[in-house]
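Subject: Handover of a structure, with notes

Dear colleague,

I am passing this structure on to you. Please look through it first; my notes follow below.

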Amino acid sequence: MSLATETRPMTRREWLLSDRPQSRLQARLGRAYMTWRRFSANRLAVVGLLILLGLCFVAAFADLLAPHSPVIGNLAGARLLPPGSEGYLLGTDDQGRDILSRLIHGSRLTLAVVVLVAIIAAPVGLIVGAVAGYAGGWLDAILMRITDIFLAFPKLVLALAFVAALGPGIENAVIAIAVTSWPPYARIARAETLTVRNSDYIAAVRLMGASPARIVFRHVVPMCMSSLIVRVTLDMAGIILTAAGLGFLGLGAQPPLPEWGAMIASGRRFILDQWWVATMPGIAILIVSLGFNLLGDGLRDALDPRESGQ
Amino acid sequence: MSGTEYLSGRRRARSRKAVAAALQFLVVVATTYIGLLAVTFFIGRVIPIDPVLAVLGDRAPAHVVERTREAMGLNLPLYQQFFIYCRQALSGDFGVSVLTTNAVMTDIRRVFPATIELATLGTLIGALIGVPLGVLAAVKRGSIADQIVRVIGLVGYSVPIFWLALLALLVFYARLKWVAYPGRIDIVYEYTFSPITGFYLVDALWQRQWDVFRDVFRHIILPASLLGYFSLAYISRMTRSFMLNELQQEYIVAARAKGLSEARIIWGHALRNAAVPLVTVIALSYAGLLEGSVLTETVFSWPGLGLYITNSLQNADMNAVLGGTIVIGSVFIGINLLSDLLYRTLDPRTRAR
Amino acid sequence: MSALLTVEDLRVSFPTRTGVVEAVRGVSFTLGRERLGIVGESGSGKSQTGRAIMGLTPPHAQVTAKRLAFDGIDLLSAPPKLRRDLRGKRIAMILQDPKYSLNPVMSIGKQIVETLWRHEKVGRAEARKRALDMLAAVQIRDPARVFDLYPHEVSGGMGQRAMIAMMLVAGPELLIADEPTSALDVTVQLEVLSILDRLVAERGMGLIFVSHDLRLVSSFCDRVLVMYAGRIVEEIAASDLANARHPYTQGLLNCMPVIGADRHPLPVLDRKPEWAL
Ligand SMILES: Nc1ncnc2c1ncn2[C@@H]1O[C@H](COP(=O)(O)OP(=O)(O)OP(=O)(O)O)[C@@H](O)[C@H]1O
Ligand SMILES: [Mg+2]
């Protein structure tokens, strides 16, 4: 760049895109901006993001948005009303409860499951993988063998067995899903760690006397973050489906909680005549997991251009 | 070193390598299996406060409880219990089901063919449609066809399988009447038809009972198509990405330079290379369908292992649940190994010569 | 000398996100049954010229020419089927890197036989025999063994010979060799070159030999085209190279090491923007 451009005040965009950032913050913001530009060029990914923002919004303001109580219905006058009935946009279920209100409140449960699984499973996988990759040797061998063993398991069936032993309930469902979903994260973290472990800057940090723990947590783990985030986002859809499956089998959230999978199960009896009772929650699940899949695809393409097109 | 010496040295090195690979293979199988048993042991014996009650239910009389405690070896230290547990599991002894009062293994042997038949047909449908769709999407990258395949895949990834199964029943059974009532075979044939292998389609064909075959087909086609759709979503997406990768390779240009037709290049060269990782994908999707049977079989009242497990779950029949888990886990391990072996035979670069 | 190939004002351009990249900008030459060298630095459009003649340009690229004719056939207006029939049978191309240009999951013999089967009706035994003969012709010592090997099991030099065999087995009249020896080390390079040389002489093929190595080309070809930024900047007889007029060619010649000469400071090509006009 010539001197001329530096004398003229830069626009904000130029500042962000500068190839000579003046501070770490500028560099970081610039990179984030580039990622955002790649991401937002992908229209479907933006749709996914909007869906999830919508989910968060609905979950946050469920009390204000829901027209009726999610658990107490009008047993006398409003049982199994079809969609479009007066005051019940999506109809009512067999206990006279408004399906829309139940869906709105159910978004909280869905969001809670997803977030809880992510904050349990991702750090576990991250630490196992980073430690294995950084330490190498027998520790690596043992940790990865355990990871591979877990990877070879049938996740859903194992989660079922866990919940069967722990007892049904949404907390236990979360634990069961988390226990079965950390191994891929460990694999990713290990792979990333192996690539950065021998890099010069890690060697430099080591020479400066940093302890292995510090190196792993301050320097290795941050490098794994972007691929991990992509993977976790893509897994979210699967987690939602598993949680809904557990709910459907009566092992997840217990009545009268408005969990979407359990709602499908309770609508199953009426599927032939009152189709909407089981159909509406399914649509909600489909939309939300589609949102996560779209967002995950978009993030992968934006954060990791190598993989785009796959 | 003379030439022959050199050669025999190489051959020895190679056979030593093969032995090492086989050993490693064994270690992988053994540790994975022990890991599986450790987890089920943990679930069955460590998590419950009283495993006897977990097995018998809480209505059992006191002397039965005491006898069972003895029989289960619960008074022994944990590691001995695990050792005994492993020995029993390896000999196929998963205890007795409270619900059916049969040995769990007997029950599983009865119901498993139904699950295998369903998952196999589902994977066949998924692979036979998914691979061509994936190839099409890759060859016509960015076209409308590509977009459609992408959407089909995305929806397949995002839809709850049991919900789609319910809707499919509503539409194809209740409204259109194209398929038969949930279940595996009509009650009319239940007593006249005596299956040999347990795979009804095969048995009916074998015994030339065409009306039975038609009936069995009308029962299986809907759940199999649904499972097929799920494996199609996964297979077509992976096929597309493998094919895109292969079509960029230089050997494709070389094949064109030889004057080969596009069809020959796509199916004979690119797909032949993509087939190497695809085998793993198809094997994994097969395993996924076996596992997914837990949800689909419930909806379709399909009398397979999945329905057996969920029925046992609802009745707190832990022996049956864990037995089923171990069997499905073993099949998973087996499928993983098989796909590994297939990978090696398909790719000359990893093939032992 | 009857013209085997006529190229007149050949242009290849790639539309990209940042604008149109013109890889080849008006190349013209004619070729008889002779050996023509094309030299130029990396990115000067040599490969794209060769690929355009073969019809192997990627589909999104645009190829135009006033005339592009092979033995009287107008290539650009020829139907795809005819072009496919020509490829491998009458015009063949050797690609740069044998490691990536051979199908890794198909045995070498099968890849050679495949070319033959595509263009001729021959039986299994006959095809195998011709492939083995061809392998012997490219100086592979144990053809029967190599026939069943997979590409990863042979060395780079052997792979390149297998590639040559695969492309020549149907007896083409024109061979485009796109840097056939760049991936090989010097001794193997010379061997492969002598094989090519002999085959061209024996069969009376036309040869377009693409390289960035001016000395190699001048010792091997009858005539040399020098390309720069998608254009031919000089056409010169190989024997006449010392009298090159274009400053770029002179620059290239200057950069070639001469045994015994003092090379300090190392000469650097001083590119002038007006060459690219
Ligand atoms: N697919 C493509 N899209 C855009 N530009 C391309 C594409 N392929 C080639 N080019 C451009 O065409 C120009 C010529 O490429 P070409 O491969 O012919 O060079 P070359 O002379 O063979 O170089 P080398 O000696 O490195 O092989 C290059 O500048 C390149 O940028
Ligand atoms: Mg080139």
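How much area is buried between chain A and chain B, and what part of that area do carbon and sulfur atoms give? The buried area is about 4,000 Å², and carbon and sulfur atoms give 74% of it. Buried area here is the accessible area (1.4 Å probe) that two parts lose on being put together, summed over both.

Before the rest, some conventions. This is a predicted model, in which local features need pLDDT of at least 70 and side-chain atom pairs count only at pLDDT 80 or more, while totals for chains, interfaces and linings use all residues. Residues are numbered from 1 along each chain as its sequence is written, chains are lettered from A and ligands numbered from 1 in the order in which they are written, and side-chain values use heavy atoms, with hydrogens and water left out.

Confidence in chain A

The pLDDT (the predictor's confidence in each residue, from 0 to 100) averages 84 over chain A, and 95% of the residues score at least 70. Among the elements of chain A, the highest mean pLDDT, 92, belongs to helix 4 (residues 43-60), and the lowest, 48, to helix 1 (residues 3-7). Helices (H or I, at least four residues) and strands (E, at least two) are DSSP runs, numbered from the N terminus. Residues 1-6 of chain A have a pLDDT below 50, and this stretch has three contacts in the model beyond near neighbours in sequence. Contact means heavy atoms within 4.5 Å.

Chain A and chain B

This contact takes 42 residues from chain A and 47 residues from chain B. On the chain A side, Arg145(A), Val157(A) and Leu249(A) supply 13% of the area buried against chain B, more than any other three residues. The rule finds one salt bridge across the interface of chain A and chain B, a salt bridge being a side-chain nitrogen of Lys or Arg within 4 Å of a carboxyl oxygen of Asp or Glu. Asp297(A) and Arg237(B) form a salt bridge, with their closest N and O atoms 3.0 Å apart.

There are 13 residue pairs in polar contact between chain A and chain B (both at pLDDT 80 or more). A polar contact is a pair of N or O atoms within 3.5 Å; within protein, one must be able to donate a hydrogen and the other to accept it, and residues adjacent in sequence count only if both atoms are side-chain atoms.

Helix 7 (137-151), helix 8 (155-166), helix 12 (212-248) and helix 14 (276-303) of chain A each supply at least two residues of the side that touches chain B. Helix 14 of chain A gives the largest share, 12 residues. By class, this side of chain A has 30 nonpolar, seven polar and five charged residues. Ala, Val, Leu, Ile, Met, Phe, Trp, Tyr, Cys and Pro count as nonpolar, Asp, Glu, Lys and Arg as charged, and the others, Gly among them, as polar.

Chain C and chain B

Here 28 residues of chain C are in contact with 22 residues of chain B. The two chains bury about 2,100 Å² between them, 59% of it on carbon and sulfur atoms. Pro104(C), Val105(C) and Glu114(C) lose the most area in chain C to chain B, together 26% of what that side buries.

Between chain C and chain B the count is three salt bridges. Arg51(C) forms a salt bridge with Glu250(B), at 2.7 Å between the closest N and O atoms. Of the side of chain C that touches chain B, helix 4 of chain C gives the largest share, five residues. That side divides into 14 nonpolar, seven polar and seven charged residues.

Within chain C

The domain assignment (automatic or from a database) gives chain C domain 1 (5-90 + 173-276) and domain 2 (101-171). Their centres, taken over C-alpha atoms, are 26 Å apart. The area buried between domain 1 and domain 2 of chain C is about 1,500 Å², with 58% from carbon and sulfur atoms. Lys89(C), Ile195(C) and Arg203(C) supply 32% of the area that domain 1 buries against domain 2, more than any other three residues.

Three salt bridges are found across this domain interface. The side chains of Asp85(C) and Arg118(C) meet in a salt bridge (2.8 Å, N to O).

Regards
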